[in-house]
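Biologist: I am new to this structure and would like to learn how to read it step by step. Could you take me through it feature by feature, giving the general idea and then the case at hand?

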Amino acid sequence: MAPRAPHKPNRPSERIFKLLAIALPFCLLLVLEGLLNTFGYGSDLRLFVKGSDCSDCLVLNPHVSERYFTEKVNATIGNQDAFKKQKPPGTTRIFILGESTTVGFPYMHNVAFPRWLLYRLIQMYPAKRFEVINLALTAVNSYTVRDMAEELSAHAPDAVLIYAGHNEYYGALGVASTSRLGNHPLLVRTVIGLRRFRVVQLLFDLSAGIRELFKGKVTVEKNLMERMVRTPEIPIGSKRYHAAITQFEENIGAACRLLTQEGIPVFIGTVVSNERDLSPLDALHNPQAQQATTIYKSAMAAYEDQRFTAAGQLFVDAREQDMIRFRAPNRMNAIIRQFASTYGKVYVVESEALFRKHSPHGIIGKTTLLEHVHPNVKGYGLLAEAFFTTLSEQGILEETPVKELSFHQLMAEMPITKVDAIFGEYSVALLMQRWPFNNPEVSPAAPTSKEAELAYAMAYKQMPWKSAMENLMQYYQAQQDTLQALKVAESVMLEFPQDAIFFAVAGEIATLAKDYVKAINYLERAFAINKSLEIAQRLCDLHIRHDNPEKAIVYARYCAEMAPQQPYFRSAVVLLEQVAAARNPQGKLVDNNPTNETVARAYILLGYPDVANRYAQ
């Protein structure tokens with residue numbers, strides 16, 4: 001009997017079976033992802049979400065920081081600067097990336113340098129639209145900057161600004177942070193991407209639950225600075241010291257490459273830290289760590305002897321030797337300066353040099369900074385000045401400004417309320433009491449004014465900022481303090497620059513304050529966002545009062561169209577056209593009595609005898 005031939009497997013069927021075996025786990029994960037999404041588990045971690053106050057706007061997702069923090073209790077929330085989903089024609093859009101200084105800590109949002117920049121642009125270019133979107137988060141570092149930068153080109157920015165470098169050691173995903181995901185950059189970036197999936201969030205939550213069983217919950221009794229630190233002491237030249245520098249160079253370099261390849265210019269600011277007025281932190285943590293303190297004492301002695309050049313170098317050396325590394329080492333600024341020569345559209349913003357210029361003997365301290373790295377009000381103004389100057393020099397602001405606004409004028413006009421300023425003082429006093437500063441002698445002073453009462457309530461989480469501004473506005477209106485009321489209105493306007501109501505309110509109060517340039521600027525911006533008969537009437541009136549018939553005609557025609565039952569507007573259009581035709585092309589008075597009489601008569605018929613008198617005389 002002949003032997004039976006060996007059985008040959010059905011190869012196509014076998015391949016299909018293997019493919020199904022491989023695909024099955026992924027299918028189960030997709031099903032689980034869908035179920036978790038359906039039942040609302042986890043967070044949507046897109047970079048931008050729909051704005052609550054503007055249906056066609058996007059804002060920074062308040063949950064986006066959960067991509068970077070391993071513990072949700074440490075995750076921070078940034079600003080909600082709204083911008084249009086579709087960029088309007090003629091709009092200059094600027095995104096800003098960074099850490100707590102860029103957020104504006106310890107003040108509220110209007111002291112942050114992006115708001116100074118927005119306010120200055122609004123004043124200098126009244127006919128132009130700007131969107132300045134602050135995407136910074138507290139306690140993050142270059143991993144966050146790189147991750148966000150990857151998504152910005154889809155939103156048509158005209159420029160991206162970066163101010164970062166202090167958090168490479170202890171910020172989320174830092175080399176000595178409690179929110180650390182490993183040593184390999186590719187692994188870290190992969191996990192950041194995967195955390196957008198609810199299944200991965202579930203795994204992290206399960207891991208956190210297991211840790212709680214053995215180590216207990218992460219306590220919020222410690223401040224965020226202390227909660228974020230895994231390994232406090234990092235000696236200069238150590239493996240971790242160099243790892244953070246390499247991490248910064250690779251991540252910021254990648255962000256620059258990604259953006260400039262899309263033709264987007266990048267502006268990076270050199271970072272600033274306190275040299276003279278902050279003794280090394282490592283000695284406070286470990287009395288045996290005396291090297292940095294010894295150098296610091298030598299620096300103070302040299303300063304007192306007026307040997308300022310030597311003192312300046314010693315202060316820098318003391319900061320470099322400080323093993324508690326909340327202040328970036330010098331190498332970070334050297335790397336930032338190298339980026340300009342490596343990438344074609346990267347521009348260095350020399351903020352450190354400007355701070356030195358405004359510091360006694362060029363040594364940075366309490367004249368511009370509050371504690372280790374966060375500026376005071378003047379310091380935030382300087383940071384904005386540095387970025388504005390470089391933006392102007394590189395042609396991002398192409399048009400000639402209608403109004404020049406110097407740094408000193410900006411310092412006087414910037415709408416930072418007394419509540420915002422006092423809130424910052426309270427916040428930094430509370431911070432200085434805790435680790436790593438451990439200074440119990442610093443405490444918030446008892447409120448002695450209405451502004452201080454509101455700031456105190458904000459500092460102790462008893463009142464949100466918007467409610468404090470409403471109370472402050474009512475207080476100033478009761479006091480008939482129009483100038484302070486205008487600051488409040490402008491402050492709220494900057495917080496909600498896509499909302500016509502707040503521009504309109506600021507315009508009305510500016511009118512009461514007899515600041516007609518601002519009044520016209522704000523009301524025209526309100527009208528551009530949301531046209532209304534009431535605002536058009538106000539603008540027509542203001543332009544007539546300022547003998548600007550060409551602009552007044554625009555709003556008179558709108559009023560005539562929207563309110564055809566009111567004959568005044570139709571007559572106003574005719575009379576304004578007569579005025580515009582009677583004047584010379586430059587809109588100046590002409591030495592011709594019949595012409596002047598025509599203009600004066602038209603203004604009298606419009607109901608503006610004061611303007612008519614300029615011509616009748």
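Biologist: How many helices and strands does the protein chain have?

Modeller: Helices (H or I, at least four residues) and strands (E, at least two) are DSSP runs, numbered from the N terminus, and by that reading the protein chain has 26 helices and eight strands. This is a predicted model, in which local features need pLDDT of at least 70 and side-chain atom pairs count only at pLDDT 80 or more, while totals for chains, interfaces and linings use all residues. Residues are numbered from 1 along each chain as its sequence is written, and side-chain values use heavy atoms, with hydrogens and water left out.

Biologist: What box do the C-alpha atoms fill, and what share of the residues is buried?

Modeller: Taken along the principal axes, the box filled by the C-alpha atoms is roughly 120 × 95 × 50 Å. Buried means under 20% relative accessible area, exposed over 50%, and partly exposed in between (1.4 Å probe, protein chains only); of the 617 residues in the protein chain, 53% are buried. As for contacts, which means heavy atoms within 4.5 Å, residues 24 or more positions apart account for 70% of those with a separation of 6 or more.

Biologist: How should I read the packing of helix 3 against helix 19?

Modeller: Axes are lines fitted to C-alpha atoms, for helices over the stretch in contact, and angles run from 0 to 180 degrees between N-to-C directions. Helix 3 (residues 113-124) and helix 19 (residues 482-495) pack at an angle of about 105 degrees, with their axes 11 Å apart. Angles under 35 degrees count as roughly parallel, over 145 as roughly antiparallel, 65 to 115 as roughly perpendicular and the rest as oblique, and therefore helix 3 and helix 19 are roughly perpendicular to each other. On the side of helix 3 the residues that meet the partner are R115, L118, Y119 and I122, and on the side of helix 19 they are E490, L494 and E495.

Biologist: Where does the backbone take a positive phi, or a cis peptide bond?

Modeller: Most residues other than glycine have a negative phi, and most peptide bonds are trans. Just after helix 17, K461 takes a positive phi of about 60 degrees; K461 lies in the loop between helix 17 and helix 18 and is exposed, with a relative accessible area of 76%. Q306, also not a glycine, has a phi near 65 degrees, lies in the loop between helix 10 (291-304) and helix 11 (308-321), and counts as exposed at 60% relative accessibility. Among the peptide bonds, the one from F105 to P106 is cis, with omega near 5 degrees, and P106 is found in the loop between helix 2 (100-103) and helix 3. The bond from W435 to P436 is cis as well, with omega near 10 degrees, and P436 has its place in the loop between helix 16 and helix 17.
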